[in-house]
Amino acid sequence: MAYWQDTIPTFVVLTVVLFLPGWLVVRALGARGLEALAVSPAVSTGLIAAWATVAQRLGVRWGMLPLVVVTLLSVVVAWLARRLFGRHDADLHPARRLLGRPRPDAVVAIAIGAVLGLATILPAMGRPDELVDSPDAVYHLGRIKTFLETGNFSIANPTFYPNGFHSWVATGLLPGTAGVLPGTNIATIVLAAVAWPVGCVALVRHALGTSRLVTYAAGLASAAFIAFPTTLLGWGVLWPNLMATALTPGALALMLQAARSGRVGQWLAFAAAMPGLALIQPNALVALVVFALVWFVTARLRAGLLHHITWPKVARDLAVVAVVVAAGLVAAPAVSAQLASTQSYQWKDKVSVWTALVEVVGGRVLIFDVLWGLLVLLALGIGWIVLRARAALPVVAMWLACVALYVLAASSTMSWTALVTGYWYNDKVRLASLAAVPGVVLVAASAPAVRDLLSRVPALGRRPLVPAVIGGLVIPALTLGLNGGARDDMLTGFFRPNQPQKVILSQTEQASLGRLAALIPAGQGVVGRPENGSPLMWPLFGTNTLYRSIPIPTTGDQIVIGTGFDDMAHRPDVCEALARNNVRWAIDSPHVYWLDKPERSSGLKDLGKVGGVVAVRTDGEYTLYRIIGCGLGSAVAGAVAGAGAAGAGGS
């Protein structure tokens with residue numbers, strides 16, 4: 001734990017950067033309560049990501065001072081918007097105007113969720129600088145490093161890609177309290193153990209009421225699922241999707257609150273969160289649209305059953321929704337080439353409809369066992385909502401919608417289903433994680449269900465506190481208690497795989513590359529097969545690597561060098577590409593990560609047999625070479641003398 005204690009300053013800075021700017025903005029807009037706090041991370045992220053892009057266009061280097069300035073500016077604009085559009089909202093009590101009035105029960109519930117999150121994540125992750133062995137991690141870490149080195153946090157740096165996650169993490173690391181790798185790991189913990197419980201407690205209290213039992217159950221339920229946040233902490237690595245899903249409950253809670261209250265300030269705060277969610281992962285917006293449509297349809301059907309409106313009006317409204325949704329699904333990929341590309345993803349591991357249902361309802365995603373305890377809690381929660389809390393029926397319908405999306409992605413081979421599930425790359429793992437958002441409400445509802453059942457027992461009915469305590473404790477007992485090993489094994493497997501070929505870069509290999517990186521003069525480039533882990537020299541040590549992701553791109557200088565490096569004597573185009581990218585060094589290793597694309601790096605194998613390079617030093621499994629072909633030898637002659645002297649004793 002000594003390693004983790006050293007990361008407390010980083011944890012605090014990342015948390016403050018995530019919550020404070022957005023909270024100030026939504027408060028200025030007129031939103032209050034736990035929902036305002038829960039939605040503030042999405043607003044903060046949108047503020048950082050959007051203004052950082054604007055700053056780049058204005059030639060301003062992003063930093064803490066620009067963040068303070070744009071936050072104050074955004075607060076002023078938000079206050080003016082509230083005065084203009086929300087002036088008819090009911091006035092707030094003076095105690096609610098300044099800092100609000102924290103609910104002790106909600107604070108305790110969030111603390112419960114945070115403690116459970118930390119207790120399940122930290123031991124499995126092991127150390128803050130442990131690398132999750134996923135190829136996507138290389139890209140995300142490299143982009144955060146690029147932001148920090150250049151001061152350019154733009155959505156287009158180095159290529160167009162949503163910058164919400166990266167700009168928030170990089171901003172939080174600006175004080176220099178941690179490096180890119182440990183800092184990013186801490187950021188994912190902030191999302192899983194702070195932002196997620198806050199959103200879950202807000203959503204559950206809004207859906208099921210504010211009783212003490214329900215509130216505490218919300219904190220306990222936030223750690224009930226393995227599908228989220230456990231899976232997205234390492235699978236993929238889907239860090240932007242992790243962030244988007246972690247922030248969805250808070251936005252959903254505020255949306256439901258605004259729909260019921262009609263307060264303009266709350267709607268403005270909800271609207272302010274939308275850019276941030278889009279700049280993190282656009283499918284978060286789609287998820288909210290799905291939830292909103294399900295809520296509307298369910299509310300309309302319930303109104304018809306209660307005879308609040310006539311069935312012809314219900315049928316008319318549902319028909320309009322169906323037509324609009326169908327038209328939108330067909331038109332969206334035709335308008336957006338990026339969406340069409342996303343929807344083209346295909347997965348080979350299709351399963352039967354029954355198997356898909358078992359996976360998503362029983363929690364058997366990426367694990368071998370059905371989570372029977374979780375299944376029991378879901379059933380109890382749904383039953384209690386149907387019988388005792390029918391106002392939360394739309395949340396049950398939201399969960400069923402997620403189940404349906406999962407089944408389509410996991411089992412369907414029909415091309416049209418990509419129009420529906422393509423927003424999540426047709427990926428069942430992402431959809432299983434999304435199902436945890438309304439699923440938290442269902443699990444939390446199991447606590448009052450158990451309490452009511454136990455209250456019928458004469459010996460317990462006379463002591464109401466006992467059934468309530470048991471009802472709350474049933475949640476961790478049937479989830480963390482029964483399936484804690486499966487959760488721990490999954491996370492441990494992400495960070496410390498048993499198979500060596502699935503390890504991108506071990507601690508020992510990181511140390512070897514670090515010593516070799518010290519021999520390369522600042523700014524000079526190095527090339528090596530991406531699958532040997534060398535692209536991580538950029539985020540870990542600041543070495544100018546040609547490749548900063550796995551695998552090699554299929555176009556441009558990178559593929560030219562990757563396929564023609566071993567024939568540089570007869571390939572002028574390779575020499576020109578090396579010169580353009582200032583590549584003066586090469587690195588080789590027998591270690592190859594399992595995600596291998598040999599056709600893209602065929603020229604970078606067995607560098608000891610390649611003409612035009614000379615070995616400088618071997619450290620562990622890695623050998624550093626100086627490029628002397630293509631007339632590049634003289635360009636680094638001065639640097640080589642120093643490197644050779646430094647590495648003479650380490651070969």
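Me: Which residue stands opposite tryptophan 585 in β5?

Reply: Two strands pair if DSSP finds at least two bridges between them. Here tryptophan 585 stands opposite arginine 626 in β5. β3 (residues 583-588) and β5 pair in the antiparallel sense over four bridges. This is a predicted model, in which local features need pLDDT of at least 70, side-chain atom pairs count only at pLDDT 80 or more, and totals for chains, interfaces and linings use all residues. Residues are numbered from 1 along each chain as its sequence is written, and side-chain values use heavy atoms, with hydrogens and water left out.

Me: How many bridges join strand β4 to β5?

Reply: Strands (E, at least two residues) and helices (H or I, at least four) are DSSP runs, numbered from the N terminus. Strand β4 (residues 613-619) is joined to β5 by six bridges, and the two run antiparallel. Alanine 615 has tyrosine 625 of β5 as its bridge partner. β4 and β5 form a hairpin with two residues between them, and glycine 620 in the turn has a positive phi of about 65 degrees.

Me: Are the faces of β5 covered or exposed?

Reply: Buried means under 20% relative accessible area, exposed over 50%, and partly exposed in between, with a 1.4 Å probe and protein chains only. Tyr622, Leu624 and Arg626 on one side of β5 are buried, as are Thr623, Tyr625 and Ile627 on the other. Six of the six residues are buried, so β5 is largely enclosed by the rest of the structure.

Me: What does β1 pair with in the parallel sense?

Reply: β1 pairs with strand β3 over four bridges, where glycine 525 stands opposite valine 583. Two bridges also join β1 to strand β2 (residues 544-545), again parallel, with asparagine 544 as the partner of glycine 525.

Me: Which cysteines form a disulfide?

Reply: A disulfide is a pair of cysteine sulfur atoms within 2.5 Å. The structure holds one: cysteine 575 and cysteine 630, with sulfur atoms 2.0 Å apart. The link is left-handed, with -65 degrees about the S-S bond. Cysteine 575 lies in helix α27 (residues 572-580) and cysteine 630 in the loop between β5 and α28, so the pair ties together parts that are 55 residues apart in sequence. Cysteine 575 is buried at 18% relative accessible area, whereas cysteine 630 is partly exposed at 29%.
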